[in-house]
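I will write the entries in the order in which I check things.

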Amino acid sequence: MIEINNLNKKFGKLTVLENLDLKIKDGGVFAILGPNGSGKTTLIKCLLGMVIPNMGEISFDSKSILNNWEYRNNLNYLPQIANFPNNLTVSELIKMVKNLRPKDSDEAPLIKRFNLEPFLNKKLVSLSGGTKQKVNILLTFMFDSDLLILDEPTTGLDPISLISLKDLLREEQQKGKTILITTHIMSFVEEMADEIIFLLDGNIYFKGTNEELKKQTGIDNLEKSIAELISKQYV
Amino acid sequence: MFKIFKYSTYDLLRSRWSYVYFSFYLILGFVLLFLNSDVSKAVITIMNIIVILTPLIAIIFGVMYYYNTKEFTELLLAQPIKRSKILIGQYLGLSVSLSLSLIVGLGIPFAVYGLFMSMVIFDFFLLLVVGGFLNFIFVALAFIITLYNENRIKGFGYAILVWLLLAVVYDGVFMIILIIFKEYPLDTFSLVVTMLNPIDLSRILILLELDISVLLGYTGAVFKKFFGTGMGMLSSLTVMFVWLIIPILLMIRKFNKKDF
Amino acid sequence: MLINRYLLIISLLFYTVLYSAASTTEVCESCDYNSIQDAVDNAISGDTIIIKAGVYKEFAIRIEKEIHLIGEENSIIDGENNGTIINVSAENFSIKGLTIKNVGISYTKDYAAILVSRSKYFTIENNILRNVFFGILIEKSKYGLIRNNDISSSATHEASSGNGVHLWHCSRMRIEQNKVSNLRDGIYLEFVENSSISNNESSDNIRYGLHFMFSNNDEYFKNEFRNNGAGVAVMFSKIIKMHHNTFHLNWGPASYGLLLKEITDADIENNLFEKNTIGINIDGCSRINYTNNHFVQNGWAIKFHGGCYENIFELNNFIHNSFDLSYSSRLNDNKFEGNYWSDYNGYDLDKDGIGDVPYRPVRLFSYVVNKTPETLVLLRSLFVDIINFSEKVSPVFTPENLIDNKPIMIRINDRN
């Protein structure tokens, strides 16, 4: 369970998050949506400890995460851009990440699922963007953690891999994992998300299921209801 | 920390740039020794190169490395590792691999030409120590610059500026001040100002070895004490350590507070 | 020289003739004489006095006869700091094998272990002199040989110390194979002519290892001068030949390997100047030839002061000196040609062994250091290289004609 109280973050004069409160219960896929600059990435990075808030409290499983790092052992993160040390091979990278985390991993089925065997002994610098993203996904899913945070997971994936990713997400969902996803692909949200968290101007503007959102806006299309949410704000 | 150090060293030791840097020193060593087969002259030339070029290469490499590994650093930040350990691991990885390139690159030609049986072994050893120090100091400065500047162009600009300031401009201003105020006793002042710049400090450390006879020609009592006794070497090395520790501490402090 | 040698041979023959008629006496506790002065008083010219092992507490021993004092091993004369110990005013004498110590310091009198006045044809050799004020002081004498003596003291200030070997108004003297250390001047010569100083080792003296004042037509060679205030000072003298000497480790603010002041017509050849603060300090000297010398790792190889004219530097090695040359005047009337400069970066395309680009031995930085000595801490910095380079391209502060037009590419051979 994630609990965020009165979270504030400024970058210089620019306020990105303002008095944000949020509770996320265990289990389910949560899509974090919002227009550009609404604070999605900042929120996620606060959770990860990569951005240090000016004010507020974040706790994960009832323990504060600020100035703490052990909690990250129960969290997997898929960054938006994957850039790895150029001169390591894929298998060396896997070994390294395994080495850095004290828990057990299960990478073999994932390698198979994403057809990565031919690349295992290639240097990372020689991989294409899509293959890098697959390696990125592999590194995220090979550990068994309660919380998964995915930042634009679909970037650069071919349709087959995209299906594999969706399957993978469903499996994790069924295991009762908490999964946070940011994305701009609405069809992906519609298909996968149990709940939508909509951020606007540094605060939560809407939190609820897909149906609740449609009901609130009165539009039977996710993409359009989101657009409606944004436009209302600026009228 | 050690794991990250291990992997970044491993990564760097296989990078093209390390080889370029390594072969630069290797070729330099061989060319210098081949051209005049006079080890002492080669040591003097290498001193000039180490004091000037090592900082430049270290600061440029540092900036480049940091920007190139930024995303990977972010990936590491999401792992259950303490922040400062990530930074120190990468910092040590880069500094150590640069220093290794320097030591091995210069060591091979000198060993081949029989340095280890000649009298200049101590001078050479001192050069490598100073080169190592400069690597560590300027990589730390590079990291500080990049931590404050997300913009790559700006980062590179500042790096070159810092190098230019410390390597050339500083000494120019220093000399002009000495000439203007020559009526006043300046020996303490000049020693302090020298210590405040790591490049000048390394130069003095090497001068203590190579040019002691001229340094003793100056009449000031402070100079005499500094250059004439072991005090010079001792205090220079101490200040060198301070120069190493302060940038590292600043770097860690900034890194711990930084938003990625 | 030749005359000198002839006279010595003649005098030696003379000795042998006399010797057959002379007798030998011994001095020891149980001998006929147990005081040296007694033995001397009772001897006649040509006698030999053998001093057996033992400590003789005597001073002011007067010798006015042509006698030979020969000390056996461990024969020690202890003057107990009372003043001059042996005072000779006779010719044809010799003093050998003695250990003489504790002369005593005076600010008004020149106390010496051995004082010789107005003598000729004498030999002082194989003696050990310790804790002396002056060691061997010789005045108004000729044809003396001072050989293989070991003289040392513990000088700390110029005023309260004397010289190891001190010659005043002498000529045709030979000073050879002595060791002098920790005195004021190791060897001091004033108004000394036609004499030679060779194979001596002079070290750790607070002023000069060897000092010439108003002395002409002398020669010194194959000596070693180490860690003195200055190795050798030659002042107000003419026609001095200096060759095959080693000057090294003379370190300090006023330290020189060789100090030349108001000297003319000298020849300086085949010497080694190594690791001195200043190799040669030249002040108001003219018509001196510097040939085949090696200047290695000195602070300044050569430093000019005052008006110096018609000095010629040819075929010298300048190797790894912090500064090759310091020159304070804008004018130059000295010639540098065919020297080897380790800092020379030119090339020799026609392969004749001579660099195709002239070498300019005076750096702008050396000019700056002359004006502001503190700038020395900037030695070998990039900034200094830059200003030196700009001066090299267009000389503003240094004499334009101070140039070696034929710098040689390979260093000259070692001394021989």
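**Cysteines, a chain and its neighbours**

I began with Cys170(C), which I found to be buried, since its relative accessible area is 4%. I keep in mind while writing this that I am working with a predicted model.

I then went to two further cysteines and asked of each whether the surrounding protein covers it. Cys46(A) has 1% relative accessibility, and because the cut-off for buried is under 20%, Cys46(A) counts as buried. Cys28(C) also counts as buried, with a relative accessibility of 11%.

How many disulfides does the whole structure hold over all chains? My search of the whole structure turned up one, and the residues that it joins are Cys28(C) and Cys31(C), with a distance of 1.9 Å from S to S. I looked up the handedness as well: the torsion about the S-S bond of Cys28(C) and Cys31(C) is about 100°, and therefore the disulfide is right-handed.

Next I turned to chain C as a whole. I noted four helices and 39 strands in chain C, and I found that its C-alpha atoms fill a box of roughly 85 × 40 × 30 Å along the principal axes. Chain C has 416 residues, and 57% of them count as buried. Among the contacts in chain C with a separation of 6 or more, 48% are between residues 24 or more positions apart.

Then I examined where chain B meets chain C. Here 37 residues of chain B are in contact with 35 residues of chain C, and the two chains bury about 3000 Å² between them, 70% of it on carbon and sulfur atoms. Which three residues supply more than any other three of the area that chain B buries against chain C? They are Met175(B), Ser213(B) and Val214(B), which supply 21% of that area.

My last entry concerns helix H2 of chain A, residues 90–100, whose buried residues include Val90(A), Leu93(A), Ile94(A) and Val97(A). An α-helix has 3.6 residues a turn, so residues three or four places apart point the same way. I found that the buried residues of H2(A) pack against helix H3 (108–113) and helix H4 (129–141) of chain A, together with helix H1 (2–13) and helix H4 (70–77) of chain B.

Key:
Residues numbered from 1 in each chain as written. Chains lettered and ligands numbered in written order. Predicted model: local features only at pLDDT ≥ 70, side-chain atom pairs only at ≥ 80, totals over all residues. Heavy atoms only, no water. Helix = DSSP H or I, 4+ residues; strand = E, 2+ residues; numbered from the N terminus. Buried < 20%, exposed > 50% of the residue type's maximum accessible area, 1.4 Å probe, protein only. Contact = heavy atoms within 4.5 Å. Disulfide = S-S within 2.5 Å. Buried area = accessible area lost by both parts, 1.4 Å probe.
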